[in-house]
Amino acid sequence: MLNGFLRNSKVRIGLGVFAAFLLLALLGPWFVSAVMHTTPRTIDYDALGQPPSAKHLLGTTLPGSDVLAQVIVGARGSVFVGITSAVLATVIAALVGVPSGFLGGRLDHGLTAFTNLFLTLPSFALTLIIAGYVQGAAWWVIALIIAAFEWPGGARTLRSQTMSLRGRDFTVAMRMLGESKTRLVFAEVMPHMTGIVSAMFLRACVAGVFAEAALSFLGIGTTGSVSWGTIISEAQGQSAILNGLWWWFVPPGLCIALLGTATALVNFGIDEISNPRLSAANRKLMKRFRRAARTAEPEVAR
Amino acid sequence: MTFWAALTFNFLIPRFMPGDPAATMLRRIQQLTGQAPTPDQIRSVRLFFGGARENLPAQYLHYLNDLVHFRFGLSLSEYPTPVSDLIAQALPWTLLLVGTTTIIAWIVGTALGAYMGWKPGSRFDAIFAPTTTFLHAIPTFWLSLVALWAFAFQLGWFPVSGAYDPDVPYQINNLWFLLSILKYGALPALTLIFIGFNGWLFTMRNVMVTTVSEDYVLLAKAKGLPTWRVLFKYAARNALLPNVTGLALAIGGILGGVLLTEVVFTYPGLGHRLYRATVDHDFPVMQTIFLLITLTVLIANLIADSIYVLLDPRTRDEA
């Protein structure tokens with residue numbers, strides 16, 4: 001399973017890019033201070049709002065900070081919030097969805113109603129308001145708030161999956177053998193959901209990065225620290241658009257888009273493996289097949 | 001049940017936020033008049049907001065009673081405009097902008113997706129699949145900024161902000177006014193469509209790929225039916241299901257979904273209004289917009305469920 005997973009080129013590319021960003025988030029600040037000898041807030045008075053050059057590879061902001069340094073350090077702010085919120089959201093989704101699907105009954109009713117309530121709430125608007133309430137909070141608080149509105153979709157999927165797995169032969173067999181419910185859940189049901197859970201996790205991760213960027217953009221994210229969202233927000237606040245400083249706000253957005261693409265690619269790979277009919281195959285293989293179908297006898301075509 | 005819970009949430013969340021609307025109002029008075037408000041004024045403002053005098057359950061009952069009678073109160077930040085007026089001003093813009101873009105994006109995405117799924121692995125599919133993956137991962141607000149910079153400031157093709165030309169009389173039956181709406185709405189609309197269609201395209205493509213390999217599609221092909229007929233009447237029609245329910249849900253999410261785009265383009269819609277209300281601690285406006293959003297989402301859910309039953313006979317048996 002894992003082997004086939006890694007053989008898929010989409011998955012490999014996606015995971016590669018994702019790992020690169022993770023590395024950037026972990027080592028970025030060190031790299032900026034040790035190799036580039038600067039900080040995202042250092043002001044270069046000789047270069048205020050300058051376009052990309054040899055000295056400042058991505059140019060400088062209007063107050064004279066290096067954009068590249070900001071983007072690298074900002075990776076930590078964005079990716080950490082994304083991953084933390086994704087971990088939390090996945091855990092909550094599993095805690096709500098799996099017992100609800102596995103145990104059924106009154107508990108299921110209660111938990112489903114709870115999930116549905118959160119599904120109908122306008123999540124981003126609520127996140128906005130609550131984040132405004134804790135204005136200037138630490139990054140993990142923002143992650144917590146984002147996670148609080150990210151889990152319901154996942155809980156619903158996990159619930160229906162658990163319900164279907166509960167009735168499969170192998171689970172029923174193990175129940176007959178007298179396995180405890182906890183063991184049934186952890187040893188029989190959960191392993192079959194690794195694919196779904198990891199896809200969910202990645203999607204939540206990107207959603208977290210998106211939400212953090214959006215909040216920072218509205219000026220309601222973490223204050224003080226740098227993230228891709230705050231860079232874009234500062235650029236807009238100091239009329240980078242009006243002055244045509246495109247190098248200020250374009251790179252952070254591209255980073256977000258790249259990260260999103262990477263996770264989407266991994267998810268496609270997971271989809272293709274779990275549902276072989278989806279795989280777009282190899283174009284050469286398709287052509288060869290079509291040619292064969294045209295020339296050979298009907299049995300080969302079917 | 002869900003509705004009641006949502007109502008209660010609506011009531012509670014603003015109440016637990018710090019920041020006192022009365023204090024904000026007093027500060028505003030101080031700024032306007034240039035002198036500190038007298039104790040008399042403070043008392044009357046407090047009295048007027050009523051918040052501190054009633055306990056929470058009493059406020060709650062009050063709130064429910066007001067809702068039943070469709071009384072939404074007065075805006076605090078733009079006192080004394082009734083909230084219903086503010087919403088009535090903002091709602092048409094959001095419906096116009098997001099409603100049309102959602103529908104156009106849906107049509108474009110579904111059609112392209114159907115075509116892509118029809119021949120998985122074709123050149124068209126191979127080029128478009130990665131491109132749309134990338135497009136789908138772009139944050140809308142960032143693309144709005146880039147579009148604003150490129151097309152409004154650099155090229156000067158589109159106006160920078162607003163929803164209509166302020167120099168043209170505000171009349172619905174004035175042709176120039178309608179044209180200016182079109183001109184001002186074009187850039188936000190194009191941005192939303194450009195980002196929006198990708199999601200539809202993907203679901204459609206993936207469902208289509210599985211549908212195309214079904215036996216009844218093969219049979220239709222074997223009968224010698226024209227390709228377009230097999231594509232639309234046999235394959236696409238069945239593959240459409242998830243996208244149709246998706247559309248119903250998306251229409252429910254319209255009101256809350258474009259907050260950022262509206263903020264970037266300073267488009268006078270509901271999202272912009274909600275953002276302003278949040279910044280200003282304007283509780284009545286926030287509550288009412290929330291109520292509106294929750295209501296539409298619930299109604300859209302209901303519609304989605306019933307559409308599904310109409311379209312897919314298999315789900316009818318269970319009922």
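1. Chain B of this predicted model has a secondary structure of 15 helices and zero strands. Of its 319 residues, 48% are buried. Among the contacts in chain B with a separation of 6 or more, 72% are between residues 24 or more positions apart. The chain exposes about 16400 Å², and carbon and sulfur atoms supply 66% of that area.

2. One helix pair in chain B can be described in detail. Helix α5 (residues 83–118) of chain B and α13(B) have axes that come within 7 Å and cross at roughly 135°. The two helices are therefore oblique to each other. On the α5(B) side the contact is made by B:Leu86, B:Ile87, B:Ala90, B:Leu91 and B:Thr94. On the α13(B) side the residues are B:Leu270, B:Gly271 and B:Arg273.

3. B:His272 also belongs to helix α13 of chain B, which covers residues 270–280. Is B:His272 buried or exposed? Its relative accessible area is 17%, and the cut-off for buried is under 20%, so B:His272 counts as buried. Apart from neighbours within four places in sequence, B:His272 is in contact with B:Glu262, B:Val263, B:Thr266 and B:Tyr267.

4. In chain A, helix α7 (residues 152–166) packs with helix α10 (residues 194–217) at an angle of about 175°, the axes being 11 Å apart. That angle makes α7(A) roughly antiparallel to α10(A). From α7(A), the contact uses A:Gly154, A:Thr157, A:Leu158 and A:Gln161. From α10(A), it uses A:Ile196, A:Val197 and A:Met200.

5. How many salt bridges are there over all chains? The count comes to one. A:Asp108 forms a salt bridge with A:Arg159, with the closest N and O atoms 2.8 Å apart. A:Asp108 lies in helix α4 (residues 105–120) of chain A and A:Arg159 in helix α7 of chain A, so the pair ties together parts that are 51 residues apart in sequence. In general, side chains of opposite charge can pair when their charged atoms come close.

6. A:Asp108 is buried, at a relative accessible area of 11%. A:Arg159 counts as partly exposed, at 21% relative accessibility. The boundary between these classes is set at 20%.

7. Helix α11 (residues 228–237) of chain A is largely enclosed by the rest of the structure, because seven of its ten residues are buried. The buried residues are A:Trp228, A:Gly229, A:Thr230, A:Ile231, A:Ile232, A:Ser233 and A:Ala235. Just after this helix, A:Ser239 takes a positive phi of about 45°.

8. A:Trp248 sits in helix α13 of chain A, which spans residues 246–274. A:Trp248 is buried, with a relative accessible area of 0%. Between A:Trp248 and A:Arg12 there are 236 residues of sequence separation and, from C-alpha to C-alpha, 31 Å in space.

9. Which residues make the nonpolar surface patch of chain A? A:Leu22, A:Leu23, A:Leu26, A:Leu27, A:Trp30 and A:Phe31 make a patch of about 580 Å². One of these residues, A:Leu26, has its place in helix α2 (residues 9–34) of chain A. As a general point, an α-helix has 3.6 residues a turn, so residues three or four places apart point the same way.

How values were computed: Residues are numbered from 1 along each chain as its sequence is written. Chains are lettered from A and ligands numbered from 1 in the order in which they are written. This is a predicted model: local features need pLDDT of at least 70, side-chain atom pairs count only at pLDDT 80 or more; totals for chains, interfaces and linings use all residues. Side-chain values use heavy atoms; hydrogens and water are left out. Helices (H or I, at least four residues) and strands (E, at least two) are DSSP runs, numbered from the N terminus. Buried means under 20% relative accessible area, exposed over 50%, partly exposed in between (1.4 Å probe, protein chains only). Contact means heavy atoms within 4.5 Å. Patches are made of residues with over 30% relative accessible area and no salt bridge: like charges are joined within 9 Å, nonpolar side chains (Val, Leu, Ile, Met, Phe, Trp, Tyr) within 5 Å. Accessible areas come from the Shrake-Rupley method with a 1.4 Å probe; for residues, only the protein chains shown count as cover. A salt bridge is a side-chain nitrogen of Lys or Arg within 4 Å of a carboxyl oxygen of Asp or Glu. Axes are lines fitted to C-alpha atoms, for helices over the stretch in contact, and angles run from 0 to 180 degrees between N-to-C directions. Angles under 35 degrees count as roughly parallel, over 145 as roughly antiparallel, 65 to 115 as roughly perpendicular and the rest as oblique.
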